[in-house]
Protein chains: 2
Amino acid sequence: MGMEKHYRDEELSEYLYPPEILQKLDFTKSPATFKPKISAASPGEDWMVVRPLQRSDYDKGFLQLLSQLTSTGNISKKQFDERFTQMKMSGGYYVTVIEDKRLAKIIGAATLTVEQKFIHNCSLRGRLEDVVVNDTYRGKQLGKLIVVTVSLLAHELGCYKMSLDCKDKLIKFYESLGYKLEAGNSNAMNMRFEEPS
Amino acid sequence: MGMEKHYRDEELSEYLYPPEILQKLDFTKSPATFKPKISAASPGEDWMVVRPLQRSDYDKGFLQLLSQLTSTGNISKKQFDERFTQMKMSGGYYVTVIEDKRLAKIIGAATLTVEQKFIHNCSLRGRLEDVVVNDTYRGKQLGKLIVVTVSLLAHELGCYKMSLDCKDKLIKFYESLGYKLEAGNSNAMNMRFEEPS
């Protein structure tokens, strides 16, 4: 018996959140233009699926995909499992992926986090985070697909708004999906800490 | 017996998070300049205390203070209680307040939310939200005090960075506390939803 926890098949296929909600998202509500028309339920290729993160995605290249975005460090399967469990227990984490089922490989990802507020009658606020698409799949509208999916999901979950921070070169892309720079109120500032104290 | 839940005194004084952590924050680590020197542990007046939100703060004007910032709607005690409980169960919510103990009144507030990530070796990211100070307490450095408190708290909790969105006129204030607009990557965008679908 090793130190590692062994999961049964049904545990490995465990979703971070219920997958059914993605099937009912109404893509006609988004200002984004898809040519040809695709959606989370019909992503354009029968070998492609849009779904919540699964515990087994550690072995499907989810972290390798994220490392195309920024450093991920050397995350062990145990660390991944623990973070997956913590996110699920906390609630409010909607990590969403696109899988190429032919290769059992994650090719796109975006995270919606839902923040509980007191303002606006105990409202919810969505945040878009960590959007990444494998660039060997260009021309399949996957960036647009994954962002619109989690944006519609935020609305479906009752968020009063969805927010994101982005680089200058991505402003036009997000504007085409319905995001706006609000006049006088569009500054994202950061303080970076050297290391945990 | 009414419909309303009745709380015992020890429930009303319940904190959203353990108050001890605020006492050990090291204000010399912040680039902010305080004249005179104050801190979360010594906020400058003996009738003032910096502490986590308590369940009893519904009756101490916490929501009235928030309504100076934006609309709060008409939140009942039951709704407040439920949101307090949900935040506590989820974890990651650090609503922090300043109380005027002479009046049993909340006079300042800021929220730190801690977001769990996979990137950067399963890191944590802090966010600063809903900062407000009663403007009849001007000149007491309370805005600076509450923001530095939750910023140091984010570091103490192990966040690799702390982020905020702000209006143009607040950029200089946040810069004086160590926040930066990062070149080419400081755009905060929003999509607002009419109402939950």
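## A tour of the two chains

Start by selecting B:Pro36, which sits in the loop between α2 (20-23) and β1 (48-52) of chain B; helices (H or I, at least four residues) and strands (E, at least two) are DSSP runs numbered from the N terminus. This is a predicted model, in which local features need pLDDT of at least 70 and side-chain atom pairs count only at pLDDT 80 or more, while totals for chains, interfaces and linings use all residues. Residues are numbered from 1 along each chain as its sequence is written, chains are lettered from A and ligands numbered from 1 in the order in which they are written, and side-chain values use heavy atoms, with hydrogens and water left out.

The peptide bond between B:Lys35 and B:Pro36 is cis, with omega about 0 degrees. In chain A, the bond from A:Lys35 to A:Pro36 is cis, with omega near -5 degrees.

Next, go to B:Gln141, in the loop between β4 and α6 of chain B. Its phi is positive, about 60 degrees, although B:Gln141 is not a glycine. B:Gln141 counts as buried at 17% relative accessibility (buried means under 20% relative accessible area, exposed over 50%, partly exposed in between; 1.4 Å probe, protein chains only).

Among the buried ones are B:Leu142, B:Ile146, B:Val150 and B:His155. After the helix comes B:Gly158, with a positive phi near 95 degrees.

Now show both chains. Their contact (heavy atoms within 4.5 Å) takes 73 residues from chain A and 73 residues from chain B. Between the chains there are 12 salt bridges (a side-chain nitrogen of Lys or Arg within 4 Å of a carboxyl oxygen of Asp or Glu). To see one, select B:Arg125 and A:Asp165, whose closest N and O atoms are 3.4 Å apart. On the side of chain A that touches chain B, the largest share, seven residues, comes from α4(A), residues 77-90.

Finish on that helix. Its buried residues include A:Phe80, A:Phe84 and A:Met87. The buried residues of α4(A) pack against elements of both chains, including β2 (93-100) of chain A and α4 (77-90) of chain B. Just after α4(A), A:Gly91 has a positive phi of about 80 degrees.
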